[in-house]
Amino acid sequence: FIGGGEVYAAEVERLVRSTCSPNCTGACGFKARVTNGRISTLIQAADYPEDSYNPRGCLRGLSMTDLIYGRDRLKYPLIRTGERGSGEFRRASWDEALDYAAGRLKEITGKYGPEAIGATIQVPGTGYVQKGALVALAGLARWTMHHGYDQNGDLPMFWPMTFGVQSEELESLEWINARTTMIFGSNVIQTRLPDAHHLLEAKRRGRVVVVDPDFCSTAAKADEWLPIKADTDAALALGMARIIIERKLYDAEFLRDFTDFPILVRQDNGKRLLAGEVADLAMEASTRNVPEYRRLFVISSGGVLRILDPENLAATGAELEGEFEVRLADGSSVKVHTVLTALKKVLADYDLDTVATITGLEAGQIERVAVDAATNTPIHIIYGASNYQWYNGDLKGRALSLLPVLTGSIGKSGAGISTYAGQYRIRFDLKSWWFPEGSQLNWVAYLHFLQGKGPNYPQHGIKAMVGAWGNPFDQHNMSNILKDRAASGELEFIMTTDFQMTTSCLWSDVVFPAPSWYEKHDLTATILHPYLQLQQPAIKPLFESRSELWIFRELAKRLNPEFEQHFFPELDDNEAALEVIEMLLANGGMETAGITLAMLQKGPVRLHSPAPGDRQVPFYEQVAHRKPFPPLSYPAPIKATGQFLRSGRIEFYKDEDLFITEGEQLPVHKETYADTEYKVNPQNRGRYTLRFVTKNSLYRVHSTHSNNSILLELQDNKAKVFLNPAEAAARGIVSGDLVQIHNDRGRTRAYAVLDPGCSAGTAIFEEGWWSRYLGGEGYNSLTFPWIKPLHEIYFVPGMWSPTTVWNECLVDVRRMSA
Amino acid sequence: MKMGMVIDLEKCIGCRSCMVACKQHNAQPPQTWWNRVFTPGSHRHLTPPAKGVEFFLPVHCQHCENAPCEKVCPVGATYHAEDGAVLIDYERCIGCRYCMSACPYGVRQFNWEDPAKAHQRSEYQEQYHYGYPEDHRHEGRLVYMPLRPKGIVEKCTFCAQYRDKGELPACVRGCPGKARFVGDLDDPASEVSTMMKGRNAFTLLPEKGTKPTVFYLPPKAKEV
């Protein structure tokens, strides 16, 4: 048997180590006890070299057998016989189903071109091998691809704007090295279960402050809870930044060397002053050779204007503050000021009293927390999706970044800002498997797909969906766009690969049964603990399920026999997967150097990083070795992401035209819903007064485990909506009532829970329920795919691309029945 | 030797992984839970009783030294093992349920249904059921079966089937918060004994005189 498990004395029983990796991205090592060919129990493997990481795993992973052997398990390939969404299918042979799918895909390619076929894979790190098979096929066939970060809208746009990267985070073992931990809109106690104990350890060693409108479980564990008014975090951060700057609690040397604070900005047009424009520097600038994506900006050092070298972070002695008159090459002169001086002008609007009014917090508390944080560094900020998935979430992230940056809490152990939602960040170079020679993907952001327009949007639209590892018909049917297009026939073909009959499978034309992660080989590397791990088959694929590598290889062969060559056609799919793992490790770059399949078969192996001890500490190299920002974000080349930070430094000042017209050159606070709900219908002001929060549930990983009978029992088999008791009373709702949540776009249903921790003006719904548990009314019929135009000024898939603003959604609630 | 458990409520994150590990490893059918995690003061788990207050409390058999369940058992099915754990001999239990009414913690549960049938209420594929797959005898007495007979009472055994192999109970192995510890309460140097020092350890319903061997450390510890 292939696999690294311990072999028990009796032949009928053995232990196999695999990796549980749904879209929580936790990637927890589990051991499956296999008895007579069936998994009898699962328990955490607890085999990570740092004992602090043991035991990783939670109730969802522990009850995974409920899904593997559950009633919704897919057994055979299926071809639709009834209306779309009716769930009427007939059993088909693999050959028949694959031939049918290939035929439809060829037909659509012939009619509309290959880019009319849109594929999605969701988080790559949970399975680089099987997911790579679909990416490779899509590239060879020249299909459209929707990046998972775009699809879920988890991308926090402040990252590319400020740090030039896709996203970054500390591994959870590093949390304990922070002296101040501040959490904004993240409920890690319930959503990062295996890592939560590190937060409690951070609390023993320092302070943990939770900023959240609602009294969540993480707030309950914190030293201090700031019950902020929703979506006003930018104002809080700017108020705190003002205190830190006024009291000179900032790290001037760090700001001088690693940020854009000393860069001079023209006061006439708001653009950063270019060396080529300056009379005394133009000549010198013309002789400097810098990469195309960099610019030569100007600083003042010792009273003299100098060119800031974007490729060299050596100390410059630049003045952080000041206003100057500069003679330009054309003979005119212009007034300039430094970015820090410009920031101080913005901060003039954020005095403590104003901030207290905007945020609903007490001025004294804001002041105390700011001073405490700045004098107890390193600061670590956990920036959660319920905070950034708003129209102006980017502004909040940029403002919050000021706190670690001002205090020099970047690139050091226990320091920085982390986002743990989404996590599509690829940990090593995977082009050997993902991007075969001659492959080309047409990347289209998911919101552009939903809106039916935008960069790279195909001429004839998206006519076919090829989906796997996702359930978009529950999780993304924003305003029921997907269901409507499926019902109308605008989507001509829908194909889904899964191991369970999800809502998306129900809406498909062909369904292919795949194995769970205890039935195949794969390679994982995600966040929070930077380990490479294997998924290994404890049991054979159940019923007629086949690995995705096999499915997409078979499809490749049918689409174009030449495509098949990439997928190791001479090997069976298990052997091919192992071959791919070896290829990925050998070509993965410095992160996987020296790591072999044999090592992984013995247990998890830490990825290499530039930081000491291979720790996952973002920007370590930039700060310790003064390397220009940004570091590489796989798989994009540096020229794609380097353009986000033309100065080679952390940038708070953005001067692309749209930033200037929007008044967002520097972070500011903006009113909630003004550009979304209130803009589309001014009457919504006062008509829908509850913000619809779709938080992660303890009992699901998004829509995975929605049908887990063990976990359903723990929730009384009921979807719930959490309401402030006064809000419920005002609507005649008592605990346990079935209520309808509604707005102009859609509706769903849930049972009311009166929650004293829930702030007024809020309806909290635990996301992930399959439609069948909601009377067929998917909860994402309420949401809408708004796009902030600033997110469209560059397009690098999954890096600079529109954030989905799930939280920008107003609803009301009414009682249906007791 | 006196087996005992310490649960650190500061570390307990209320995630109920212990409940699920216990259920899965001990083959509990639908509706049966040997182990439960509550949010005290609240009618619903993970909903705070009031703004600003929330902690969690796991409750399972307290393995009392002075166990009322043992005293009322007319057939000697419930007994103290040599290490202090309270176990049920499934071959002796007659299902009279006196023990269930005697237990002040409400942790004992009755098998109303044929177990194979009970598992199938989840509609698993091909008669699948989960759990430690073999019967287990401790000191010759049948204390674990993957499919318990209809009409008997069951509860937490501190995972007798695992402890007899030198392994920890499933709830301890499965706790991502590292909040649960087992060990020898008689040994002052054991982990469980030392961790209780200076932490105001308490037991549930001490006024009942049951002398539980499950101890709790209060939440909100600050060790700066």
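**Entry 1: chain B against chain A**

I looked up the contact first (heavy atoms within 4.5 Å): 58 residues of chain B and 62 residues of chain A take part. The model is predicted, so I note that local features need pLDDT of at least 70 and side-chain atom pairs count only at pLDDT 80 or more, while totals for chains, interfaces and linings use all residues. Residues are numbered from 1 along each chain as its sequence is written, chains are lettered from A and ligands numbered from 1 in the order in which they are written, and side-chain values use heavy atoms, with hydrogens and water left out.

For buried area I took the accessible area (1.4 Å probe) that two parts lose on being put together, summed over both. Chain B and chain A bury about 4,900 Å² between them, and carbon and sulfur atoms give 54% of that.

Next I looked up salt bridges (a side-chain nitrogen of Lys or Arg within 4 Å of a carboxyl oxygen of Asp or Glu). I found four between chain B and chain A. One of them pairs K23(B) with E713(A), with 3.4 Å between the closest N and O atoms.

Polar contacts are pairs of N or O atoms within 3.5 Å; within protein, one must be able to donate a hydrogen and the other to accept it, and residues adjacent in sequence count only if both atoms are side-chain atoms. I count 29 residue pairs in polar contact between chain B and chain A, both residues at pLDDT 80 or more.

On the side of chain B that touches chain A, helix 1 (17-25) and helix 6 (170-173) of chain B are the elements that give two or more residues. Helix 1 of chain B has the largest share, seven residues.

**Entry 2: domains of chain A**

An automatic or database domain assignment sets the bounds. It gives domain 1 (78-154 + 425-603) and domain 2 (677-783 + 794-817) of chain A. Their centres, taken over C-alpha atoms, are 29 Å apart.

I find 26 residues of domain 1 of chain A in contact with 22 residues of domain 2 of chain A. The two domains bury about 2,000 Å² between them, 52% of it on carbon and sulfur atoms. In domain 1 of chain A, D474(A), Q475(A) and M478(A) lose the most area to domain 2, together 26% of what that side buries.

Notes: Helix = DSSP H or I, 4+ residues; strand = E, 2+ residues; numbered from the N terminus.
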